[in-house]
Amino acid sequence: MEKFTQEHEWIRLEGEVATIGITDHAQSELGDIVFVELPEVGTKVTAGGEMATVESFKAASSVYAPVTGEIVEINETLGDDPAQVNTEPMGAGWFVKIRLEDVSALDELMDEAAYLALVS
Amino acid sequence: MGIAARNGSRSNFKGWMLEIRDEKRHKLSGEEKTTCLNDFHIAHGARMAPFAGYMMPLNYTDGPLKEHMACRTGAAVFDVSHMAQLDITHPSGQAAPVLAALEGVIPANLIDLPEYHQRYGLLLNPQGGILDDVMVIHAGSYVRMVVNAACADKDISWLAGHLTGFGISRLQRALVAVQGPAAAKAVAQLVSLPEEVRFLQVAVSEFDGQQIELSRSGYTGEDGFEVSLPEIVAEGFVTRLIENEGVQMAGLVARDSLRLEAGLCLYGQDMDEDISAVTASLHWSIPKIRRKGGAREAGFIGADITLADLAGGSAECRIGVIAPKGVPPRSGTPVFDSKAGGRQIGLVTSGSPAPSVGQPVAMVRIDRDFANSDAPVFAEVRGRRLPLTRCDMPFVAHRFYRGS
């Protein structure tokens, strides 16, 4: 199940763990991504709180946690190859995995159709 | 002349997206002007944003990184028509009286500027602050100035107020920069140049039956031309240029990283009305003849403070630094003298990824004492102090064409 936020993050839930990244629309608006700063594993994040920073060619942008929970894994490969966020934003370019405090929080987020309507 | 993408300061992601939407609104509301190449940009997939009152391309479909590299390896074509081209005339039909008068507002040697040559200069206010950085061209019977878009109205008023008896008109003409090792060849295929044109020389030619003016100059550190041409032929000119292998359009984001690598200042970031020529480390543009003891010493607005600064009165200056891989210290980032605590000793005025360097680079306005020492300096980015390495500018060597 994939969900989307107004801040252009995507969330894919498997069990209690959600994989999170930024959308194709977001990467396309940001342009060439040169650096991604990720939180440490074990960090507790709160929905709406700052979670990561993306350095595109022209600016730094904050990425917010779409849900509350604990970071259980980060995408270490972005260190050497941040451009994966541009080429595969919803695949190899994922950011973090979060163990959700409350899986039902996802219900408040958009499905793909609603998100695409937002950005079109 | 400085020009670049908007201030690269930190924006949050949400804010950034809202900004993008705001930009679309700007466009719809018609507040921003467009250049004559607007339709061309959109047809070529440009991401447009407001800059200095104009909707300008930030980048095209290839993205700023490829555009940057194209300029270093082939050639990049920039629409810089938002910059104002001013023609200044004298009733005598001679350029000499105009150049003499301009020496009263620009601390450069303009009286000795040869015909069909151009020179960089600073417009200063009475406090020695920089009103604008400009190019002055001896165009035979008149003088052309190319000035920053955001400063154009201010400059015209300033010039009109201080140059009485001269005509000042802003041209409705396109300006296209072609920059890179393949630029001269691409231009030569379209335009016949009368003779060898070297760096900072100007030639008049024709394209598609229209008169155009070409100056061997630019703002990327590469060889190339800035071409002033009637709007009616601008699209045909850039279309023909990018038909060449390795020649492509580039937007303001790449223009910013290119000029920064070349150690060139952007007006509004690296200098402004509160920053003097010496503080901005632009005193190289003030020749001996206009300094203390020179044949035409002083005699320009802002001379008192400028000459005092040249004698050691300025507490700050501009230096180049290289930052650790990955994290560019952007404009507005504070610079400290210590890894923790300590004292703020400077400010990043421009910072960007630098693909031709391999690490991010920045310009820092810094306490002169620190500029001249080996003491470590740190940029504070997102609460962390990053060690900066001082580096002579330009970060990437200039490749201007100074003759065969």
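What share of the contacts in chain B with a separation of 6 or more is accounted for by residues 24 or more positions apart? In this predicted model, the figure is 69%.

Let's start with the whole chain. Chain B is built with 10 helices and 21 strands. With a radius of gyration of 21 Å, close to the 22 Å that the globule rule gives for 404 residues, chain B is as compact as a globular protein of that length. Along the principal axes, its C-alpha atoms fill a box of roughly 65 × 55 × 50 Å. As for burial, 51% of the 404 residues in chain B count as buried.

Now for the barrel. In chain B, 6 strands close up in the order S16-S19-S18-S17-S20-S21, with antiparallel pairing. Going from one strand to the next, the twist averages 45°.

Here are some of the pieces of chain B to look for:

| Element | Residues |
|---|---|
| Helix H8 (chain B) | residues 252–261 |
| Strand S17 (chain B) | residues 334–336 |
| Strand S18 (chain B) | residues 344–352 |
| Strand S19 (chain B) | residues 361–367 |

Zooming in on S18 of chain B, this strand pairs with S17 of chain B over 3 bridges, in the antiparallel sense. Across that pairing, B:Pro334 stands opposite B:Leu347, which belongs to S18(B).

And what lies across S18 and S19 of chain B? That would be helix H8 of chain B, running at about 125° to S18(B). Both S18 and S19 are among the strands of the barrel in chain B.

Key: Residues numbered from 1 in each chain as written. Chains lettered and ligands numbered in written order. Predicted model: local features only at pLDDT ≥ 70, side-chain atom pairs only at ≥ 80, totals over all residues. Helix = DSSP H or I, 4+ residues; strand = E, 2+ residues; numbered from the N terminus. Rg over C-alpha atoms; globule rule 2.2 N^0.38 Å. Buried ≥ 20, exposed ≤ 12 C-beta atoms within 10 Å, placed from the backbone. Contact = placed C-beta atoms within 7 Å. Pairing = 2+ DSSP bridges. Axes fitted to C-alpha atoms, helices over the stretch in contact; angles between N-to-C directions.
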